Amino acid sequence: MCGIVGYIGKLGDGGRAQDVIMGGLARLEYRGYDSAGIAVAGSDPERVATAKRAGKLAVLADALADNPIADGPAGIGHTRWATHGPPTDANAHPHLAAGGRIAIIHNGIIENHNALRNELAGQGIDFLSDTDTEVAGHLLGSLVESGLSLPDAMRAATKRLEGAFTLLAVDAHDPHTVVGARRNSPLVVGLGEGENFLGSDVVAFIEHTRTALELGQDEVVVMTADTVTVTDVNGEIVERESYHVDWDSAAAEKGGFDTFMDKEIHDQPAAVADTLRGRLDEQGRLKLDEGIVDDYILKSVDKIIIIACGTAAYAGQVARYAIEHWTRVPVEVELAHEFRYRDPIVSVKTLVVAVSQSGETMDTIMAVRHAQQQGATVIGIVNAQGSTIAREADAVLYTRAGPEIAVASTKAFLAQITAGYLLGIYLAELRGNKFPDEIDALLRELDAIPAKIQHVLDTADPIRDVARSMADERTVLFLGRHVGFPVAMEGALKLKELAYIHAEGFAAGELKHGPIALVEQDQPVFVVVPSPRGRESLHAKVLSNVQEVRARGARTLVIAEEGDTEAADHAAHVFYVPSAPVLMTPLLSVIPLQIFALELAAAKGYDVDQPRNLAKSVTVE
Ligand code: M6R
């Protein structure tokens with residue numbers, strides 16, 4: 001939650017911090033859009049210039065157009081997802097301290113803010129906001145006023161703060177320096193020529209540089225236009241390797257689509273193809289991207305636990321069917337925030353697979369740490385290069401979906417399933433569950449998927465038309481069985497997130513155990529029908545479910561395999577997807593559901609890229 005940007009350039013003709021920061025905030029707005037603000041140092045030696053507004057970034061941009069603030073070489077900017085205090089101008093970041101000399105922005109939650117607030121109030125400090133951030137700002141300000149430099153004050157403040165935070169600050173007395181610190185919250189440095197950048201993730205600065213370095217836990221970065229120094233909280237220098245960012249800046253643009261989400265839905269053939277590309281070594285065995293997990297460990301694994309949240313957890317549920325089927329190792333899928341509180345049975349023979357687009361979801365990070373403390377080996381399936389989960393896992397299999405900007409996850413879901421399948425195939429080969437020709441056949445099946453996804457996209461007009469006609473619906477139900485079950489839940493999640501319509505995904509077999517009571521005349525019910533070429537009984541059973549809800553008045557919207565005329569017989573609307581082996585079908589059947597949610601939300605006039613109350617990555621527990 002919250003996007004943060006920092007910039008330091010040369011003083012030159014006044015500096016260009018504002019342009020760079022507003023551009024970075026526009027790219028990070030998906031992380032939070034309750035309010036936005038900017039602070040620039042350099043024009044006034046006593047006071048940092050700030051502007052901040054409740055509402056989206058556009059409100060701040062308008063305010064700056066009406067009442068410009070002086071530009072300068074050093075600046076910080078923030079786009080907020082509110083935790084402490086409602087989204088008002090006063091609670092927007094930056095917050096000022098030391099009489100306006102220091103400005104601070106923050107992502108995360110400071111857990112001991114109450115105690116610190118009382119302590120600082122006792123020193124006569126007045127607070128202007130409800131935020132924990134302002135507390136950190138005044139702590140920093142009081143340390144600076146006691147004579148410490150901003151970098152030293154930041155290190156001292158970091159020692160006193162508890163919780164999760166990324167902090168950036170500038171000092172009007174030293175407009176040649178930007179300082180940042182992080183604990184349990186992301187911060188990436190972008191290395192430029194005569195200028196340097198900070199961001200919650202690399203999209204904040206990839207239009208300026210694709211050379212980045214990550215900050216570790218409890219590290220402080222001090223940037224000037226020509227230098228970047230990383231230390232621990234005691235001031236000891238920490239050497240950090242820079243890396244090249246694979247994403248290009250065009251990947252973070254809309255590319256001719258009206259919304260990022262529509263663009264990202266259309267990126268899906270490439271997201272799957274790229275996730276598959278170049279995975280095999282000379283012996284034809286899967287390669288992980290980073291870190292090493294000994295084959296000996298993977299051979300001895302007796303249980304796999306997939307941990308994730310939201311859409312990533314549904315991807316994990318899909319992957320479970322395949323990994324269990326191919327490896328015969330028991331696979332559990334658990335929401336990361338439930339995992340560590342139920343005292344799970346984890347041992348050195350447990351392989352934990354952490355699935356996360358951002359690699360920064362706090363619940364998943366904490367679950368990873370818990371699993372590692374119990375001796376488990378952790379493999380991350382992560383999209384964001386260099387993110388916390390990517391760094392902390394024992395090994396990483398990157399999904400190569402490119403930046404996913406829309407809050408609702410689409411291409412990451414498909415890429416996560418693909419990566420999960422690759423891991424399953426790897427384990428099946430390593431453990432001798434499949435013969436090489438069976439492995440080849442599975443890889444060929446996966447290779448065929450991107451073209452089939454393209455076909456679904458090219459023939460999506462009927463689902464778009466139906467979605468637009470359903471803008472007034474109040475409840476939509478989704479049914480699926482086997483791999484269609486997580487697809488149904490993902491379809492329901494998309495509709496809730498985007499169109500604010502009550503939607504529930506059920507296991508089709510559960511229908512008669514309760515949910516069928518919800519069905520009344522004209523109730524829309526999506527049903528993900530399995531291939532008739534799979535287990536015949538499965539197809540027949542789901543078709544029975546279609547008939548059961550139809551008999552009670554439901555309007556059935558059926559996702560079925562091309563040529564399945566039997567499914568069409570029971571459907572008010574049928575949407576066909578190309579034929580594929582059963583375990584591959586989620587990569588196709590979810591797409592009409594994504595498009596349905598997108599189109600229906602757009603018909604209602606909602607912002608599909610930035611749905612209300614949400615933020616792209618949930619970096620607080
Ligand atoms: O970055 P992560 O994959 O860890 O995020 C997990 C969930 O927060 C995320 O998938 C969320 O459910 C999406 N908004 C769903 O569209």
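Two helices, α9 (310-327) and α17 (484-499), each put at least two residues into the shell around the ligand; helices here are DSSP runs (H or I, at least four residues) and strands are E runs of at least two, numbered from the N terminus. What you're seeing is a predicted model, where local features need pLDDT of at least 70 and side-chain atom pairs count only at pLDDT 80 or more, while totals for chains, interfaces and linings use all residues. Residues are numbered from 1 along each chain as its sequence is written, and side-chain values use heavy atoms, with hydrogens and water left out.

**Around the ligand**

- The ligand has 14 residues around it, and the closest are S356, Q357, S358, T361 and E497 (a residue is near if one of its heavy atoms lies within 4 Å).
- With three residues, α9 gives the most to this shell.
- Sorted by class, the shell has four nonpolar, eight polar and two charged residues; Ala, Val, Leu, Ile, Met, Phe, Trp, Tyr, Cys and Pro count as nonpolar, Asp, Glu, Lys and Arg as charged, and the others, Gly among them, as polar.

- The side chain of S356 has an N or O atom 2.6 Å from an oxygen atom of the ligand.
- Q357 uses its backbone instead: an N or O atom there is 2.6 Å from a ligand oxygen.
- A polar backbone atom of V407 lies 3.2 Å from a nitrogen atom of the ligand.
- On its own, the ligand has 410 Å² of accessible area, and the protein covers 91% of that (Shrake-Rupley method, 1.4 Å probe).

- V144 belongs to helix α4 (residues 132-145), and V144 is buried because its relative accessible area is 3% (buried means under 20%, exposed over 50%, partly exposed in between, with a 1.4 Å probe and protein chains only).
- From V144 to L543 is 399 residues in sequence and 70 Å in space, C-alpha to C-alpha.
- K56 sits in the loop between β3 (49-54) and α2 (57-66), and at 28% relative accessible area K56 is partly exposed.
- T259 is in the loop between β14 (243-244) and α6 (260-266), and T259 is buried, at 17%.
- A polar side-chain atom of T259 lies 3.0 Å from the backbone nitrogen of D262.

Methods
Polar contact = N/O pair within 3.5 Å; in protein donor to acceptor, adjacent residues only side chain to side chain.
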